[in-house]
Amino acid sequence: MPKQRENWTSRVGFILAAAGSAIGLGNIWRFPFMTGKNGGAVFLVLYLLAILLIGFPVLINEMIIGRKTHRNPVGAFKALAPGTPWWLVGALGVFSGFVILSYYSVVAGWSLAYIYKTVAGGLNANVDFASIFSAHISNVIEPIIWHFIFMFLTIAVVAAGIVKGIQRSVKVLMPLLFILLIVLIGRAVTLPGAAEGLVFYLKPDSSAITPRTLLDAISQAFFTLSVGMGCIITYGSYMRDEDQIPGSAASVVGLDTLVAFMAGFAIFPAVFALGFTPNAGPGLTFITLPAVFAEMPMGILFGALFFSLLAIAALTSAFSLLEVVVAWLVDEYRWSRARASTLLGVFIFLAGIPASLGYSSLSGFNFLGKDLLDTYDWFANSIFLPLGGLLTAIFTGYVWGARKSAEEGNRNLRRHFLGAWWGVWFRYVIPVIIVVIMVVGIYDTFK
(Lines give C-alpha, C1' and ligand atoms only; values in the text may rest on other atoms or scores of the structure.)
Protein backbone atom coordinates (compact mmCIF):
# COMPACT_ATOMS: atom_id res chain seq x y z
CA MET A 1 0.00 0.00 0.00
CA PRO A 2 1.17 3.55 -0.65
CA LYS A 3 2.14 5.33 2.55
CA GLN A 4 -0.19 8.26 1.95
CA ARG A 5 -3.69 7.08 1.08
CA GLU A 6 -6.49 9.63 0.92
CA ASN A 7 -9.68 9.48 2.97
CA TRP A 8 -12.95 11.34 2.56
CA THR A 9 -12.63 14.46 4.69
CA SER A 10 -16.17 14.15 6.08
CA ARG A 11 -19.07 11.75 6.35
CA VAL A 12 -21.10 14.02 4.07
CA GLY A 13 -18.34 13.90 1.46
CA PHE A 14 -18.42 10.09 1.46
CA ILE A 15 -22.22 9.91 1.34
CA LEU A 16 -22.40 12.32 -1.61
CA ALA A 17 -19.66 10.44 -3.47
CA ALA A 18 -21.18 7.00 -2.82
CA ALA A 19 -24.66 8.29 -3.68
CA GLY A 20 -23.19 9.78 -6.84
CA SER A 21 -21.76 6.35 -7.67
CA ALA A 22 -25.18 4.77 -7.23
CA ILE A 23 -27.10 7.56 -8.95
CA GLY A 24 -26.53 7.28 -12.68
CA LEU A 25 -28.15 6.30 -15.94
CA GLY A 26 -29.87 3.50 -14.03
CA ASN A 27 -31.94 6.06 -12.11
CA ILE A 28 -32.75 8.60 -14.81
CA TRP A 29 -32.78 6.32 -17.86
CA ARG A 30 -33.34 2.67 -16.85
CA PHE A 31 -35.69 3.09 -13.87
CA PRO A 32 -38.36 5.10 -15.74
CA PHE A 33 -38.53 2.77 -18.72
CA MET A 34 -38.53 -0.31 -16.46
CA THR A 35 -41.36 1.23 -14.45
CA GLY A 36 -43.29 2.08 -17.60
CA LYS A 37 -42.79 -1.42 -19.00
CA ASN A 38 -43.86 -3.14 -15.76
CA GLY A 39 -47.12 -1.40 -14.96
CA GLY A 40 -46.09 1.74 -13.10
CA ALA A 41 -46.89 1.90 -9.38
CA VAL A 42 -46.82 -1.85 -8.75
CA PHE A 43 -43.23 -2.00 -10.03
CA LEU A 44 -42.35 0.99 -7.83
CA VAL A 45 -43.64 -0.81 -4.71
CA LEU A 46 -41.75 -4.01 -5.50
CA TYR A 47 -38.61 -2.00 -6.27
CA LEU A 48 -38.75 -0.20 -2.91
CA LEU A 49 -39.14 -3.52 -1.08
CA ALA A 50 -36.21 -5.01 -3.01
CA ILE A 51 -34.04 -2.00 -2.19
CA LEU A 52 -34.79 -2.37 1.52
CA LEU A 53 -34.43 -6.16 1.79
CA ILE A 54 -31.61 -6.80 -0.71
CA GLY A 55 -29.88 -3.67 -1.95
CA PHE A 56 -29.36 -2.13 1.48
CA PRO A 57 -27.66 -5.18 3.09
CA VAL A 58 -25.43 -5.77 0.05
CA LEU A 59 -24.36 -2.11 0.09
CA ILE A 60 -23.52 -2.30 3.81
CA ASN A 61 -21.48 -5.47 3.23
CA GLU A 62 -19.37 -3.89 0.48
CA MET A 63 -18.73 -0.80 2.61
CA ILE A 64 -17.62 -3.10 5.45
CA ILE A 65 -15.12 -4.93 3.23
CA GLY A 66 -13.73 -1.64 1.93
CA ARG A 67 -13.34 0.10 5.28
CA LYS A 68 -12.00 -2.98 7.07
CA THR A 69 -9.10 -3.29 4.64
CA HIS A 70 -8.64 0.26 3.26
CA ARG A 71 -7.76 -1.39 -0.02
CA ASN A 72 -9.02 -1.68 -3.59
CA PRO A 73 -11.20 -4.73 -4.38
CA VAL A 74 -8.25 -6.99 -5.25
CA GLY A 75 -6.25 -5.93 -2.20
CA ALA A 76 -9.32 -6.18 0.04
CA PHE A 77 -9.89 -9.86 -0.70
CA LYS A 78 -6.15 -10.54 -0.43
CA ALA A 79 -6.14 -8.94 3.02
CA LEU A 80 -9.20 -10.83 4.30
CA ALA A 81 -8.29 -14.22 2.78
CA PRO A 82 -4.50 -14.21 2.29
CA GLY A 83 -2.97 -16.97 0.22
CA THR A 84 -6.28 -17.95 -1.39
CA PRO A 85 -7.75 -17.39 -4.87
CA TRP A 86 -10.50 -15.13 -3.46
CA TRP A 87 -8.62 -12.08 -4.75
CA LEU A 88 -10.03 -13.08 -8.14
CA VAL A 89 -13.43 -11.81 -6.96
CA GLY A 90 -11.85 -8.38 -6.55
CA ALA A 91 -10.21 -8.75 -9.96
CA LEU A 92 -13.65 -9.46 -11.42
CA GLY A 93 -14.85 -6.17 -9.90
CA VAL A 94 -11.94 -4.28 -11.46
CA PHE A 95 -12.58 -5.89 -14.84
CA SER A 96 -16.31 -5.16 -14.55
CA GLY A 97 -15.62 -1.50 -13.85
CA PHE A 98 -13.42 -1.33 -16.96
CA VAL A 99 -16.00 -2.99 -19.23
CA ILE A 100 -19.01 -1.10 -17.89
CA LEU A 101 -17.39 2.31 -18.18
CA SER A 102 -16.31 1.61 -21.77
CA TYR A 103 -19.90 1.38 -23.04
CA TYR A 104 -21.47 3.50 -20.29
CA SER A 105 -19.41 6.41 -21.60
CA VAL A 106 -20.85 5.89 -25.08
CA VAL A 107 -24.44 6.18 -23.82
CA ALA A 108 -23.48 9.10 -21.57
CA GLY A 109 -22.02 10.75 -24.67
CA TRP A 110 -25.45 10.54 -26.25
CA SER A 111 -26.83 12.63 -23.38
CA LEU A 112 -24.15 15.29 -23.98
CA ALA A 113 -24.99 15.28 -27.69
CA TYR A 114 -28.70 15.71 -26.91
CA ILE A 115 -27.97 18.78 -24.78
CA TYR A 116 -26.39 20.32 -27.86
CA LYS A 117 -29.12 19.11 -30.23
CA THR A 118 -31.83 20.52 -27.96
CA VAL A 119 -30.23 23.93 -27.50
CA ALA A 120 -29.41 24.15 -31.23
CA GLY A 121 -33.11 23.64 -32.06
CA GLY A 122 -32.67 20.29 -33.77
CA LEU A 123 -35.32 18.64 -31.60
CA ASN A 124 -38.53 20.45 -32.48
CA ALA A 125 -42.10 19.31 -33.06
CA ASN A 126 -41.59 18.96 -36.82
CA VAL A 127 -38.96 16.21 -36.77
CA ASP A 128 -39.02 12.41 -36.60
CA PHE A 129 -37.35 11.72 -33.25
CA ALA A 130 -36.77 8.03 -33.95
CA SER A 131 -34.95 8.94 -37.17
CA ILE A 132 -32.85 11.57 -35.39
CA PHE A 133 -31.76 9.09 -32.74
CA SER A 134 -31.02 6.42 -35.33
CA ALA A 135 -29.02 8.89 -37.42
CA HIS A 136 -27.00 9.96 -34.39
CA ILE A 137 -25.97 6.52 -33.15
CA SER A 138 -25.32 5.22 -36.68
CA ASN A 139 -22.94 8.09 -37.45
CA VAL A 140 -19.35 6.83 -37.38
CA ILE A 141 -17.59 9.90 -35.94
CA GLU A 142 -20.07 12.03 -33.97
CA PRO A 143 -20.86 9.58 -31.11
CA ILE A 144 -17.16 8.84 -30.65
CA ILE A 145 -16.44 12.57 -30.24
CA TRP A 146 -19.04 12.83 -27.47
CA HIS A 147 -17.72 9.58 -25.95
CA PHE A 148 -14.26 11.19 -25.89
CA ILE A 149 -15.54 14.39 -24.26
CA PHE A 150 -17.30 12.41 -21.52
CA MET A 151 -14.22 10.28 -20.81
CA PHE A 152 -12.01 13.38 -20.77
CA LEU A 153 -14.19 14.96 -18.06
CA THR A 154 -14.16 11.72 -16.06
CA ILE A 155 -10.39 11.32 -16.27
CA ALA A 156 -9.79 14.95 -15.27
CA VAL A 157 -11.82 14.61 -12.07
CA VAL A 158 -10.46 11.22 -10.98
CA ALA A 159 -6.87 12.25 -11.70
CA ALA A 160 -7.28 15.22 -9.34
CA GLY A 161 -7.78 12.84 -6.41
CA ILE A 162 -10.36 11.60 -3.94
CA VAL A 163 -10.74 14.93 -2.12
CA LYS A 164 -9.78 17.57 -4.69
CA GLY A 165 -11.34 15.67 -7.60
CA ILE A 166 -14.23 13.36 -6.76
CA GLN A 167 -15.38 14.81 -3.43
CA ARG A 168 -15.16 18.41 -4.59
CA SER A 169 -17.02 17.63 -7.83
CA VAL A 170 -19.89 15.69 -6.25
CA LYS A 171 -20.45 18.47 -3.70
CA VAL A 172 -21.35 20.66 -6.68
CA LEU A 173 -22.93 18.12 -9.03
CA MET A 174 -25.22 16.35 -6.54
CA PRO A 175 -27.06 19.50 -5.35
CA LEU A 176 -27.29 20.65 -8.98
CA LEU A 177 -28.82 17.28 -9.90
CA PHE A 178 -31.56 17.71 -7.28
CA ILE A 179 -32.22 21.30 -8.35
CA LEU A 180 -32.70 20.22 -11.97
CA LEU A 181 -35.00 17.39 -10.89
CA ILE A 182 -37.16 19.73 -8.82
CA VAL A 183 -37.46 22.20 -11.71
CA LEU A 184 -38.45 19.42 -14.13
CA ILE A 185 -40.98 17.98 -11.68
CA GLY A 186 -42.51 21.42 -11.19
CA ARG A 187 -43.04 21.74 -14.94
CA ALA A 188 -44.29 18.17 -15.47
CA VAL A 189 -46.92 18.00 -12.71
CA THR A 190 -48.43 21.36 -13.70
CA LEU A 191 -49.12 20.34 -17.30
CA PRO A 192 -52.81 19.87 -18.19
CA GLY A 193 -53.57 16.16 -18.02
CA ALA A 194 -50.61 15.33 -15.76
CA ALA A 195 -52.90 13.67 -13.21
CA GLU A 196 -53.24 10.55 -15.37
CA GLY A 197 -49.49 10.07 -15.23
CA LEU A 198 -49.48 10.49 -11.44
CA VAL A 199 -52.18 7.82 -11.10
CA PHE A 200 -50.15 5.44 -13.29
CA TYR A 201 -47.06 6.09 -11.18
CA LEU A 202 -48.59 6.12 -7.69
CA LYS A 203 -51.70 3.88 -7.71
CA PRO A 204 -50.66 0.21 -7.72
CA ASP A 205 -52.61 -2.28 -9.81
CA SER A 206 -52.10 -5.70 -8.23
CA SER A 207 -53.19 -7.42 -11.43
CA ALA A 208 -49.99 -6.16 -13.06
CA ILE A 209 -47.79 -8.27 -10.76
CA THR A 210 -46.06 -11.12 -12.57
CA PRO A 211 -42.93 -13.17 -11.79
CA ARG A 212 -41.13 -11.11 -14.44
CA THR A 213 -42.15 -7.85 -12.72
CA LEU A 214 -40.78 -9.12 -9.41
CA LEU A 215 -37.48 -10.22 -10.94
CA ASP A 216 -37.11 -6.94 -12.83
CA ALA A 217 -37.66 -5.02 -9.58
CA ILE A 218 -35.02 -7.08 -7.75
CA SER A 219 -32.60 -6.71 -10.65
CA GLN A 220 -33.10 -2.94 -10.78
CA ALA A 221 -32.60 -2.66 -7.01
CA PHE A 222 -29.40 -4.69 -7.16
CA PHE A 223 -27.80 -2.91 -10.09
CA THR A 224 -28.85 0.67 -9.32
CA LEU A 225 -26.68 0.77 -6.17
CA SER A 226 -23.41 0.04 -8.02
CA VAL A 227 -22.89 -3.18 -6.05
CA GLY A 228 -21.09 -6.21 -7.45
CA MET A 229 -18.65 -4.12 -9.47
CA GLY A 230 -16.14 -3.00 -6.82
CA CYS A 231 -17.27 0.64 -6.69
CA ILE A 232 -18.63 0.60 -3.15
CA ILE A 233 -15.72 -1.52 -1.84
CA THR A 234 -13.37 1.06 -3.35
CA TYR A 235 -15.25 4.09 -2.00
CA GLY A 236 -15.65 2.33 1.36
CA SER A 237 -11.87 1.88 1.51
CA TYR A 238 -11.52 5.68 1.77
CA MET A 239 -13.88 5.89 4.76
CA ARG A 240 -12.54 7.03 8.10
CA ASP A 241 -12.44 4.42 10.87
CA GLU A 242 -14.71 6.51 13.08
CA ASP A 243 -17.54 6.68 10.53
CA GLN A 244 -20.69 4.63 11.09
CA ILE A 245 -21.41 2.26 8.21
CA PRO A 246 -25.16 1.41 8.51
CA GLY A 247 -26.17 5.07 8.83
CA SER A 248 -23.98 6.07 5.89
CA ALA A 249 -25.37 3.19 3.82
CA ALA A 250 -28.92 4.22 4.70
CA SER A 251 -28.19 7.77 3.51
CA VAL A 252 -26.76 6.49 0.22
CA VAL A 253 -29.72 4.17 -0.38
CA GLY A 254 -32.12 6.95 0.55
CA LEU A 255 -30.58 9.44 -1.90
CA ASP A 256 -30.34 6.88 -4.69
CA THR A 257 -33.97 5.80 -4.24
CA LEU A 258 -35.15 9.40 -3.92
CA VAL A 259 -33.57 10.35 -7.27
CA ALA A 260 -35.19 7.37 -9.03
CA PHE A 261 -38.53 8.21 -7.41
CA MET A 262 -38.25 11.87 -8.41
CA ALA A 263 -37.28 10.93 -11.96
CA GLY A 264 -40.64 9.20 -12.29
CA PHE A 265 -42.40 12.41 -11.21
CA ALA A 266 -40.44 14.35 -13.82
CA ILE A 267 -41.26 11.93 -16.64
CA PHE A 268 -44.64 10.15 -16.34
CA PRO A 269 -46.90 13.21 -15.81
CA ALA A 270 -45.37 14.85 -18.89
CA VAL A 271 -45.60 11.66 -20.98
CA PHE A 272 -49.30 11.18 -20.19
CA ALA A 273 -50.17 14.88 -20.40
CA LEU A 274 -48.92 15.08 -23.97
CA GLY A 275 -50.51 11.84 -25.14
CA PHE A 276 -47.52 9.51 -25.26
CA THR A 277 -47.24 5.95 -23.89
CA PRO A 278 -44.98 5.09 -20.92
CA ASN A 279 -43.92 1.65 -22.16
CA ALA A 280 -41.53 2.78 -24.88
CA GLY A 281 -38.65 0.82 -23.34
CA PRO A 282 -35.09 2.18 -23.65
CA GLY A 283 -36.29 4.59 -26.33
CA LEU A 284 -38.27 6.48 -23.68
CA THR A 285 -35.30 8.74 -22.97
CA PHE A 286 -33.94 9.51 -26.43
CA ILE A 287 -37.07 9.21 -28.59
CA THR A 288 -40.24 9.68 -26.52
CA LEU A 289 -39.00 12.36 -24.09
CA PRO A 290 -37.55 14.66 -26.78
CA ALA A 291 -40.96 14.46 -28.47
CA VAL A 292 -42.61 15.32 -25.14
CA PHE A 293 -40.35 18.34 -24.62
CA ALA A 294 -40.96 19.51 -28.20
CA GLU A 295 -44.71 19.70 -27.46
CA MET A 296 -44.21 21.40 -24.10
CA PRO A 297 -44.15 25.20 -23.54
CA MET A 298 -40.48 26.25 -23.14
CA GLY A 299 -39.59 22.77 -24.31
CA ILE A 300 -36.06 23.69 -25.39
CA LEU A 301 -35.21 24.88 -21.89
CA PHE A 302 -36.70 21.86 -20.14
CA GLY A 303 -35.26 19.44 -22.68
CA ALA A 304 -31.78 20.89 -22.17
CA LEU A 305 -32.24 20.69 -18.39
CA PHE A 306 -33.30 17.04 -18.58
CA PHE A 307 -30.33 15.94 -20.67
CA SER A 308 -28.02 17.98 -18.43
CA LEU A 309 -29.49 16.05 -15.52
CA LEU A 310 -28.82 12.78 -17.34
CA ALA A 311 -25.21 13.78 -18.07
CA ILE A 312 -24.55 14.81 -14.45
CA ALA A 313 -25.93 11.52 -13.13
CA ALA A 314 -23.76 9.63 -15.62
CA LEU A 315 -20.65 11.58 -14.60
CA THR A 316 -20.98 10.92 -10.88
CA SER A 317 -21.25 7.18 -11.58
CA ALA A 318 -18.39 7.26 -14.08
CA PHE A 319 -16.08 8.70 -11.41
CA SER A 320 -16.56 5.58 -9.28
CA LEU A 321 -16.20 3.17 -12.20
CA LEU A 322 -12.84 4.68 -13.18
CA GLU A 323 -11.76 4.91 -9.54
CA VAL A 324 -12.12 1.13 -9.16
CA VAL A 325 -9.43 0.41 -11.75
CA VAL A 326 -7.30 3.42 -10.78
CA ALA A 327 -7.25 2.39 -7.09
CA TRP A 328 -6.08 -1.07 -8.13
CA LEU A 329 -3.01 0.31 -9.92
CA VAL A 330 -2.30 2.93 -7.25
CA ASP A 331 -2.56 0.46 -4.35
CA GLU A 332 -1.08 -2.69 -5.83
CA TYR A 333 1.54 -1.28 -8.21
CA ARG A 334 2.13 2.18 -6.69
CA TRP A 335 1.38 4.06 -9.87
CA SER A 336 0.75 7.76 -9.57
CA ARG A 337 -2.93 8.69 -9.68
CA ALA A 338 -2.43 10.94 -12.72
CA ARG A 339 -0.67 8.20 -14.69
CA ALA A 340 -3.21 5.51 -13.76
CA SER A 341 -6.20 7.73 -14.52
CA THR A 342 -4.89 8.90 -17.87
CA LEU A 343 -3.61 5.57 -19.18
CA LEU A 344 -6.63 3.55 -18.05
CA GLY A 345 -9.00 6.27 -19.22
CA VAL A 346 -7.47 6.10 -22.70
CA PHE A 347 -7.75 2.31 -22.77
CA ILE A 348 -11.38 2.49 -21.63
CA PHE A 349 -12.13 5.08 -24.30
CA LEU A 350 -10.59 2.83 -26.96
CA ALA A 351 -12.50 -0.21 -25.65
CA GLY A 352 -15.74 1.76 -25.98
CA ILE A 353 -15.23 2.62 -29.65
CA PRO A 354 -16.41 -0.80 -30.94
CA ALA A 355 -19.58 -0.42 -28.84
CA SER A 356 -20.26 2.87 -30.61
CA LEU A 357 -19.38 1.50 -34.06
CA GLY A 358 -21.78 -1.39 -33.47
CA TYR A 359 -24.51 0.87 -34.84
CA SER A 360 -22.52 1.87 -37.95
CA SER A 361 -19.43 0.26 -39.48
CA LEU A 362 -19.58 -2.76 -37.13
CA SER A 363 -23.35 -3.18 -37.34
CA GLY A 364 -22.91 -6.61 -38.90
CA PHE A 365 -21.77 -8.02 -35.58
CA ASN A 366 -24.43 -10.06 -33.85
CA PHE A 367 -24.30 -12.01 -30.59
CA LEU A 368 -27.56 -13.76 -29.74
CA GLY A 369 -29.43 -11.05 -31.59
CA LYS A 370 -27.57 -8.23 -29.84
CA ASP A 371 -25.40 -5.45 -31.24
CA LEU A 372 -21.99 -4.72 -29.73
CA LEU A 373 -23.12 -2.26 -27.07
CA ASP A 374 -25.91 -4.58 -25.94
CA THR A 375 -23.40 -7.43 -25.90
CA TYR A 376 -21.10 -5.47 -23.56
CA ASP A 377 -24.14 -4.68 -21.40
CA TRP A 378 -25.37 -8.29 -21.38
CA PHE A 379 -22.08 -9.70 -20.18
CA ALA A 380 -21.78 -6.98 -17.53
CA ASN A 381 -25.33 -7.12 -16.17
CA SER A 382 -26.12 -10.80 -16.69
CA ILE A 383 -22.74 -12.36 -15.86
CA PHE A 384 -20.11 -10.11 -14.26
CA LEU A 385 -22.19 -8.11 -11.76
CA PRO A 386 -24.42 -10.89 -10.41
CA LEU A 387 -21.43 -13.25 -10.27
CA GLY A 388 -19.42 -10.64 -8.37
CA GLY A 389 -22.34 -10.05 -6.00
CA LEU A 390 -22.89 -13.78 -5.51
CA LEU A 391 -19.24 -14.55 -4.76
CA THR A 392 -18.96 -11.57 -2.40
CA ALA A 393 -22.04 -12.76 -0.48
CA ILE A 394 -20.63 -16.31 -0.27
CA PHE A 395 -17.28 -14.91 0.86
CA THR A 396 -18.95 -12.95 3.67
CA GLY A 397 -21.26 -15.77 4.68
CA TYR A 398 -18.84 -18.70 4.56
CA VAL A 399 -15.20 -17.61 4.17
CA TRP A 400 -14.46 -14.40 6.04
CA GLY A 401 -17.49 -14.99 8.24
CA ALA A 402 -20.72 -13.13 8.86
CA ARG A 403 -19.75 -12.62 12.51
CA LYS A 404 -16.56 -10.74 11.62
CA SER A 405 -18.45 -8.74 8.98
CA ALA A 406 -21.14 -7.81 11.52
CA GLU A 407 -18.53 -6.81 14.11
CA GLU A 408 -16.95 -4.39 11.65
CA GLY A 409 -20.35 -3.05 10.58
CA ASN A 410 -21.43 -2.49 14.18
CA ARG A 411 -18.26 -0.63 15.09
CA ASN A 412 -18.95 2.90 16.42
CA LEU A 413 -22.66 2.11 16.99
CA ARG A 414 -24.24 2.52 20.42
CA ARG A 415 -26.72 -0.24 19.60
CA HIS A 416 -25.76 -3.05 17.25
CA PHE A 417 -27.68 -3.08 13.98
CA LEU A 418 -26.25 -6.23 12.39
CA GLY A 419 -27.45 -9.21 14.40
CA ALA A 420 -28.11 -12.90 13.83
CA TRP A 421 -30.12 -12.10 10.69
CA TRP A 422 -26.92 -10.92 8.99
CA GLY A 423 -25.53 -14.46 8.70
CA VAL A 424 -28.83 -15.87 7.44
CA TRP A 425 -29.05 -13.14 4.82
CA PHE A 426 -25.56 -13.73 3.40
CA ARG A 427 -25.51 -17.50 3.67
CA TYR A 428 -28.92 -18.20 2.19
CA VAL A 429 -31.21 -15.34 1.17
CA ILE A 430 -29.01 -13.14 -1.02
CA PRO A 431 -27.10 -15.97 -2.79
CA VAL A 432 -30.38 -17.69 -3.72
CA ILE A 433 -31.92 -14.47 -5.04
CA ILE A 434 -28.86 -13.62 -7.13
CA VAL A 435 -28.71 -17.14 -8.60
CA VAL A 436 -32.38 -16.87 -9.60
CA ILE A 437 -31.76 -13.48 -11.25
CA MET A 438 -28.77 -14.89 -13.17
CA VAL A 439 -30.57 -18.04 -14.31
CA VAL A 440 -33.69 -16.18 -15.45
CA GLY A 441 -31.63 -13.53 -17.24
CA ILE A 442 -29.55 -16.11 -19.10
CA TYR A 443 -32.61 -18.21 -19.88
CA ASP A 444 -34.42 -15.20 -21.35
CA THR A 445 -31.44 -14.60 -23.63
CA PHE A 446 -31.10 -18.13 -24.95
CA LYS A 447 -34.75 -19.20 -25.12
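In this predicted model, W110, Y114, F133, F286, F293, F306, F307 and Y359 form one aromatic cluster. Across the structure, there are 41 aromatic pairs.

Let me turn to W110 and its partners. The ring centres of W110 and F133 lie 5.4 Å apart with the planes at 85°, so this pair is edge-to-face. It joins distant parts of the chain, since W110 belongs to helix α5, residues 87-119, and F133 to helix α6, residues 129-137, with a separation of 23 residues. Are these two residues buried or exposed? W110 is buried, at a relative accessible area of 5%, and F133 also counts as buried, at 14%.

W110 has a further pairing, with Y359. Here the centres are 6.0 Å apart and the planes stand at 65°; because that angle is over 60 degrees, the pair is edge-to-face. This pair too links distant parts of the chain: W110 sits in α5, Y359 in the loop between α15 and α16, and 249 residues separate them.

I now move to the packing of two helices. Helix α14, residues 299-333, packs against helix α15, residues 337-357, at an angle of about 130°, and the axes are 9 Å apart. The two helices are therefore oblique to each other, and α14 passes α15 in a right-handed crossing. Which residues make the contact? From α14 they are L322, E323, V325, V326, L329 and V330, and from α15 they are R337, A340, S341, L344, G345 and I348. By class, this contact comprises 8 nonpolar, 2 polar and 2 charged residues.

Notes
Residues are numbered from 1 along each chain as its sequence is written. This is a predicted model: local features need pLDDT of at least 70, side-chain atom pairs count only at pLDDT 80 or more; totals for chains, interfaces and linings use all residues. Side-chain values use heavy atoms; hydrogens and water are left out. Axes are lines fitted to C-alpha atoms, for helices over the stretch in contact, and angles run from 0 to 180 degrees between N-to-C directions. Helices (H or I, at least four residues) and strands (E, at least two) are DSSP runs, numbered from the N terminus. Angles under 35 degrees count as roughly parallel, over 145 as roughly antiparallel, 65 to 115 as roughly perpendicular and the rest as oblique. A crossing is left-handed if the near helix is turned anticlockwise from the far one by less than a right angle, and right-handed if clockwise. Contact means heavy atoms within 4.5 Å. Ala, Val, Leu, Ile, Met, Phe, Trp, Tyr, Cys and Pro count as nonpolar, Asp, Glu, Lys and Arg as charged, and the others, Gly among them, as polar. Rings of Phe, Tyr and Trp (its six-membered ring) pair if their centres lie within 6.5 Å; planes under 30 degrees apart count as stacked, over 60 as edge-to-face and the rest as tilted. Buried means under 20% relative accessible area, exposed over 50%, partly exposed in between (1.4 Å probe, protein chains only).
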